[in-house]
Each structure stands twice: as C-alpha cells, then as structure tokens.
Amino acid sequence: PELAQLRWLLNRGQGLGEFALDRPASFNEVDVADKPQFIRQKPKLSREDVKDIEIRNALRLAALKSVDRRIPELLAALERAERRTGRESYVVFSSDGGFFLGEHRLPYENNWHYGAATDVPLVISGPGVSQNAEISAPVANIDLAPTLMQMAGAGDGVTAAIDGRSLVPLLEHPSVADTSWWK
C-alpha cells in the first residue's frame, strides 16, 4: 500500500507527503568552511542528486512503514507466548548505524562522525524497564551485549571481560543517568 501511495504522490507532482525528506540545516550545506577537507572539496548536491536522495528516502520510509504495520501483530503473538510459558520478554529496537541523506553534502554514506551516522534509535521495553522514560545519557552499540546478557540472566557465569556496560541500571532507574552513569 505504501508503494501505491508513493506512486500516486509522485504522479500528482505535489511532493512526497508523509514520505518527504527531512532537511536539517546540514542538508546540502552552502558553507562548509568549518568541515574537514574531504567535505570542503565536495560540490553542492545537484538537483538530480537531491531528487535521487528524496526518492531513495521515500522508498526506505515506505518499507519501514510496512514493517510498522506488523508490530501490533508481533506484540500480540509475544503476549500470547508469555501467557502460555509464564516467561516475560523484552522488546529491543535499534539500528546498526545512521545514514547520510544529503547532510554535509554526503549522499548514501554512514562512515563519518556526524550525528546523521552516529545517532541511532534505541527503544527497550520489558520487565523492570521504566515506562515512557527517555534517557539522554550517551550509550553505544557496544553496551547492547552486556545489557542483553543481563536481561537474559546469562552473565552470571561469565568470567571473561566483556566490552560495554549493561544499560539495565538506566532502564530500571532512569534518574541514574543524570547522577552517576558516566562518572
């Protein structure tokens, strides 16, 4: 359905509606004098480059929306399994990395240290997790393994050093993030 809606919007020529590209101030920057040499050497994105980025972004958003439609069904199946087994579950949503869509004149890249590539979503729900809490403490993908191990009760017998730090204390008590998390 999303692809049909996207085709309809494109055929009307009146923009991409809910599939439109967000354009932060860093999108196709005019002044890149404060950026590293490799960015300063890049020309501004052409009109065709921007159109290509917009279409690719719209297709990505349409694909994600089709996944979103299935989440209630997935959660309902998880709830049925929990009732049947008596075991609670965690739901974790994240990403392996962000993606540039024209920020700093960078189309289709993700290997530079700017927010577009480094800031990714992380949503966790489950037993003991504070509901609707937003935690702004910096965490990293490296923290996911010890977090998931602690949630699964699998870390107790591990004697080897594990990189990262479990996020469970933050999830259970979000106020810890403001006081002691990174001290």
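The model is predicted: local features require pLDDT of at least 70 and side-chain atom pairs pLDDT 80 or more, while totals for chains, interfaces and linings use all residues. Residues are numbered from 1 along each chain as its sequence is written, and side-chain values use heavy atoms, without hydrogens and water.

The protein chain contains eight helices and two strands, which are DSSP runs numbered from the N terminus (helices: H or I, at least four residues; strands: E, at least two). Along the sequence, these elements follow the pattern α-α-α-α-β-α-β-α-α-α. The radius of gyration of the protein chain, 21 Å, is well over the 16 Å given by the globule rule for 183 residues, so the chain is more spread out than a compact globule. That radius is taken over C-alpha atoms, and the rule is 2.2 Å times the number of residues to the power 0.38. Along the principal axes, the C-alpha atoms fill a box of roughly 55 × 40 × 30 Å.

Of the 183 residues in the protein chain, 25% are buried, that is, under 20% relative accessible area with a 1.4 Å probe, protein chains only. The largest nonpolar core has nine residues, among them Ile 124, Val 129, Met 151 and Leu 171. Such a core is a set of buried Ala, Val, Leu, Ile, Met, Phe, Trp, Tyr and Cys residues joined through side-chain atoms within 4.5 Å. Leaving aside neighbours within four places in sequence, Leu 171 is in contact (heavy atoms within 4.5 Å) with residues including Ile 124, Val 129 and Met 151.

Definitions and conventions: Buried < 20%, exposed > 50% of the residue type's maximum accessible area, 1.4 Å probe, protein only.
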